[in-house]
Amino acid sequence: MRILAIALLSCLTSFALADDGLAQRFAQVMTDPENRQHAYAAGQERAVFCTYCHGETGNSKRPHIPNLAGQNPLYLFNAFEKFASGERTDFVMSKLAQNLTQEDRVNIAVYFSQQQVHPVATTVSENLRRRGETLFHNACTGCHGQHAEGMETTPRLAGQPDEYLRTALTRFRENDPRRAGSVMMGVAALLSADDIEAVAAYLSRLTLDSADEKARIARVIGATVQ
């Protein structure tokens, strides 16, 4: 219960910091089919540099790199903004984000948000997977969604590479300076190394069925409409 309370509080804090002007910009793009298609095409063209690591459809080519496919566009845009401002640092992403205009970031976010996630098929112990499922549903659904589909300010975790998930959670747990200020610090601090292994095993193999994917896209299209 303590983990759940921290997670829910962290999630509410993130939503309170959302940029209303940005939400309106995405509403203009996502709720109009013509605008959305234009942004999609422009984003696909500008995302060519992203594809070397994240794949042409946002499905990572390397297990330590996250999938961008299926993420909420507002979340992706805010991630670009943090790399561009220096709030988050990465050797590749920091330089790339600084070379993108705000409109580029919007368009790329729209493009990847419309892609399907294709988890890498690997096998794990069923007991480990079930333990991860229990941990996730006890602590994470308030911010990341019932199916780990993500929200406007939190990432989709379903189908992410297990190595990426383990590394990210471990960095939060160990107070990595590059993650300073993240609300995940307090949540991950309560997880053991075995807990992290179990959560990563569960999430990396988690898929949304076709109905849930359609519902996710419908929420994305309507998420910023007031």
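Mentor: Phe136 and Tyr202 are both buried. This is a predicted model. In the whole structure, a search finds three aromatic pairs. One of them is formed by Phe136 and Tyr202, with 6.0 Å from centre to centre and 45° between the planes, so it is tilted, as planes from 30 to 60 degrees apart fall under that term. The pair joins distant parts of the chain: Phe136 belongs to helix H8 (residues 126-139), Tyr202 to helix H12 (residues 193-204), and 66 residues separate them.

Ring pairs also link Tyr40, Tyr111 and Phe112 into a cluster. Tyr111 and Phe112 are among the buried residues of H7, a helix that covers residues 102-113. H7 has twelve residues, and its first and last C-alpha atoms are 17 Å apart, close to the 16 Å expected at 1.5 Å a residue. The helix is mostly covered, with ten of the twelve residues buried. Besides Tyr111 and Phe112, the buried residues of H7 include Asp104, Arg105 and Asn107, and also Val106, Ile108, Ala109, Val110 and Ser113.

Next, the cysteines. A disulfide is a covalent bond between the sulfur atoms of two cysteines. The count here is zero disulfides. Cys53 is in none, and the nearest cysteine sulfur, that of Cys50, lies 9.1 Å away, whereas a disulfide needs the two sulfur atoms within 2.5 Å. Cys53 counts as partly exposed because its relative accessibility is 25%, which falls between the limits of 20% and 50%. Cys143 has a relative accessible area of 9%, so it is buried.

Glu56 sits in the loop between helix H4 (51-54) and helix H5 (73-85). With a relative accessibility of 48%, Glu56 counts as partly exposed. From C-alpha to C-alpha, Glu56 is 8.6 Å from Gln44, and the two are twelve residues apart in sequence.

Last, a pocket. The second largest pocket holds about 180 Å³ of space. Its lining is made up of 15 residues. Those that lie nearest the centre of the pocket are Pro63, Val120, Gln160, Pro161 and Asp162. By type, the lining residues divide into eight polar, four nonpolar and three charged.

How values were computed. Residues are numbered from 1 along each chain as its sequence is written. This is a predicted model: local features need pLDDT of at least 70, side-chain atom pairs count only at pLDDT 80 or more; totals for chains, interfaces and linings use all residues. Side-chain values use heavy atoms; hydrogens and water are left out. On a 1 Å grid over the protein atoms alone, a cavity is a set of points where a 1.4 Å probe fits but cannot get out, and a pocket is an open set with protein on both sides within 12 Å along at least five of seven lines; lining residues have an atom within 4 Å of a point. Grid points are joined across faces, edges and corners, and a volume is the space filled by probe spheres set on the points. Ala, Val, Leu, Ile, Met, Phe, Trp, Tyr, Cys and Pro count as nonpolar, Asp, Glu, Lys and Arg as charged, and the others, Gly among them, as polar. Buried means under 20% relative accessible area, exposed over 50%, partly exposed in between (1.4 Å probe, protein chains only). Helices (H or I, at least four residues) and strands (E, at least two) are DSSP runs, numbered from the N terminus. The expected span of a helix is 1.5 Å times one less than its number of residues. Rings of Phe, Tyr and Trp (its six-membered ring) pair if their centres lie within 6.5 Å; planes under 30 degrees apart count as stacked, over 60 as edge-to-face and the rest as tilted.
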